[in-house]
Amino acid sequence: SRQDTGKLNLEGGTLLSTPPHRVVARGIARTFQNLELFKTMTVRENVVVGTHARDGQRSVEEIIDYVGIGDVAERPAGSLPYAILKRVETARALASGPRLLLLDEPAGGLSHEEVEQLAAFLRRMREDFDLTILLVEHHMNLVMGVSDQVHVLDFGRKIGDGTPAEVRRN
């Protein structure tokens, strides 16, 4: 659904009427709660799609290696397990060279061990790619383990914010 109230600004300019390809060109990338990959395309082709609107600082090959999907790069995305597909989607987002990465429930459908691996990966990726990450997530251990700042929403209404320790105490 389209936003009909409020503001969405980045560096002093509004994003509300900005077409998606311009949002990417402004340095914002995202992943989706429900994966949005091209299932008949290879993993590599899916990652290349991320380069369409912006030249990233790293090559597609570097990103594929960084995310750890090099061994499946030539396989069709539709033939891979869910946890690998989440990595493919992250690689595609990174390929656009973002400054701000929006992650919509990245822990959804992952096992406990995979969530722990995801937390370590997010911390490393934030530093290695010099990213700001906005994480929408229900998995509180992940949120508290990777966040500098937490905003708690209840049906779209903010009911708390602060550092993870402050939010935990409230």
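Helices here are DSSP runs of H or I with at least four residues, strands are DSSP runs of E with at least two, and both are numbered from the N terminus. What I am showing is a predicted model, in which local features need pLDDT of at least 70 and side-chain atom pairs count only at pLDDT 80 or more, while totals for chains, interfaces and linings use all residues. Residues are numbered from 1 along each chain as its sequence is written, and side-chain values use heavy atoms, with hydrogens and water left out.

Let me start with the sheet. Three strands form an open sheet in the order β3-β4-β5, with parallel pairing, where two strands count as paired if DSSP finds at least two bridges between them. Because β3 and β5 stand at the edges, each with a single partner strand, one side of each is left without a neighbour in the sheet. On average, neighbouring strands of this sheet are turned by 20 degrees against each other, direction ignored, the axes being lines fitted to C-alpha atoms.

Now the pairings themselves. Strand β3, residues 28-30, is joined to β4, residues 100-104, by three bridges; I28 stands opposite L100, and R30 has L102 as its bridge partner. Between β4 and β5 there are five bridges, again in the parallel sense, and here L101 stands opposite I133. Together with α5, these two strands make a right-handed β-α-β unit, right-handed meaning that, with the strands pointing away from the viewer, the path from the first strand over the helix to the second runs clockwise.

R30 also forms a salt bridge with D104, with the closest N and O atoms 3.8 Å apart; the criterion is a side-chain nitrogen of Lys or Arg within 4 Å of a carboxyl oxygen of Asp or Glu. Since R30 lies in β3 and D104 in β4, the pair ties together parts that are 74 residues apart in sequence. The structure holds seven salt bridges.

Finally, which elements supply at least two residues each to the lining of the second largest pocket? They are α5 (112-128), β5 (132-136), α6 (140-146) and β6 (150-154). A pocket, on a 1 Å grid over the protein atoms alone, is an open set of points where a 1.4 Å probe fits, with protein on both sides within 12 Å along at least five of seven lines, and lining residues have an atom within 4 Å of a point. This one has a volume of about 890 Å³, and of its 26 lining residues, L135, V136, E137, V143 and H151 lie nearest the centre.

Notes. Grid points are joined across faces, edges and corners, and a volume is the space filled by probe spheres set on the points. Axes are lines fitted to C-alpha atoms, for helices over the stretch in contact, and angles run from 0 to 180 degrees between N-to-C directions.
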